[in-house]
Amino acid sequence: MVRVRIERPDPPDAIALIDALDAYQKPLYPAESHHGIDVDALLQPHVVFAIARTEAGAAVGCGAFVADEGWAELKRMYVVPAQRGRGVAQALLAFLEHEAQARGVAVMRLETGNLQPDALRFYERAGYVRRGPFGDYDDDPHSVFMEKAFVRKIGGEEACG
């Protein structure tokens with residue numbers, strides 16, 4: 001069982017998660033295809049950074065979103081290998097999606113690498129669909145762009161976006 005909550009991205013255990021993600025991704029792609037954001041960017045007021053912790057308090061996963069007007073971009077999703085397959089990523093994603101919706105976000109978008117099939121399957125199972133580049137991204141053969149429109153209730157009816 002893990003607990004997910006909003007935390008700062010600059011304590012040592014948070015930085016260790018971010019560094020582990022970089023150590024995994026950077027060898028897979030050329031530098032121009034690495035789109036991670038640094039700790040300074042994660043400290044900005046329009047960014048929500050969350051950590052998943054075990055009952056003992058160990059940081060085992062992290063994720064963030066960068067809010068824009070009506071949409072947000074999922075960033076820095078990572079779970080330590082020893083904790084994968086235990087629902088940590090699902091808990092993180094559900095938490096971040098809930099926080100985004102509470103802030104008025106209608107669509108969550110993301111960019112991930114084409115050499116990360118587990119991540120692609122994870123996001124597809126979570127309801128994300130492929131789309132073209134968004135924001136400041138250029139078309140990149142190493143990038144896969146995805147999004148998920150949130151369903152919200154309007155007068156008892158469901159509406160997307």
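What share of the contacts in the chain between residues at least 6 apart in sequence join residues at least 24 apart? The share is 60%, where contact means heavy atoms within 4.5 Å. This is a predicted model: local features need pLDDT of at least 70, side-chain atom pairs count only at pLDDT 80 or more, and totals for chains, interfaces and linings use all residues. Residues are numbered from 1 along each chain as its sequence is written, and side-chain values use heavy atoms, with hydrogens and water left out.

**Overall fold**

- The chain has four helices and nine strands. Helices (H or I, at least four residues) and strands (E, at least two) are DSSP runs, numbered from the N terminus.
- Along the sequence, the pattern is β-α-α-β-β-β-α-β-α-β-β-β-β.
- The radius of gyration is 15 Å, close to the 15 Å that the globule rule gives for 161 residues, so the chain is as compact as a globular protein of that length. The radius is taken over C-alpha atoms, and the rule is 2.2 Å times the number of residues to the power 0.38.
- The C-alpha trace spans about 45 × 40 × 30 Å along its principal axes.

**Surface and charge**

- Of the 161 residues in the chain, 45% are buried. Buried means under 20% relative accessible area, exposed over 50%, and partly exposed in between (1.4 Å probe, protein chains only).
- The accessible surface of the chain is about 8,600 Å². Carbon and sulfur atoms account for 52% of that surface. Areas come from the Shrake-Rupley method with a 1.4 Å probe; for residues, only the protein chains shown count as cover.
- There are 18 positive and 24 negative side chains in the chain. The centres of the two sets lie 6 Å apart. Lys and Arg count as positive and Asp and Glu as negative, while His and the chain ends are not counted. Each charge is placed at NZ of Lys, CZ of Arg, CG of Asp or CD of Glu.

**Nonpolar cores**

- A nonpolar core is a set of buried Ala, Val, Leu, Ile, Met, Phe, Trp, Tyr and Cys residues joined through side-chain atoms within 4.5 Å.
- The largest nonpolar core has 28 residues. Those with the most contacts inside it are L74, M77, L92, L96, M108 and Y123.
- Elements giving two or more residues to this core include β3 (59-67), β4 (71-79), α3 (88-102) and α4 (117-125). The most comes from α3, with seven residues.
- Beyond its neighbours within four places in sequence, L74 contacts A64, F65, L93, L96, M108, R109, L110 and Y123.
- A second, separate core holds 14 residues, including I18, I37, C62 and V66.

**Buried loop residues**

- I37 sits in the loop between α1 (12-25) and α2 (39-42). I37 is buried, with a relative accessible area of 18%.
- Leaving out residues up to four places away in sequence, I37 touches L42, V66, K75 and R76.
- I37 and D22 are 15 residues apart along the chain, and their C-alpha atoms are separated by 10.0 Å.
- F134 lies in the loop between β6 (129-131) and β7. F134 is also buried, with a relative accessible area of 4%.
- Leaving out residues up to four places away in sequence, F134 touches W71, E73, R109, L110, E111, F145 and M146.
- F134 and F145 are 11 residues apart in sequence and 7.8 Å apart in space, C-alpha to C-alpha.

**R76**

- R76 is in strand β4 and is buried, with a relative accessible area of 7%.
- R76 is not a glycine, yet it has a positive phi of about 55 degrees.
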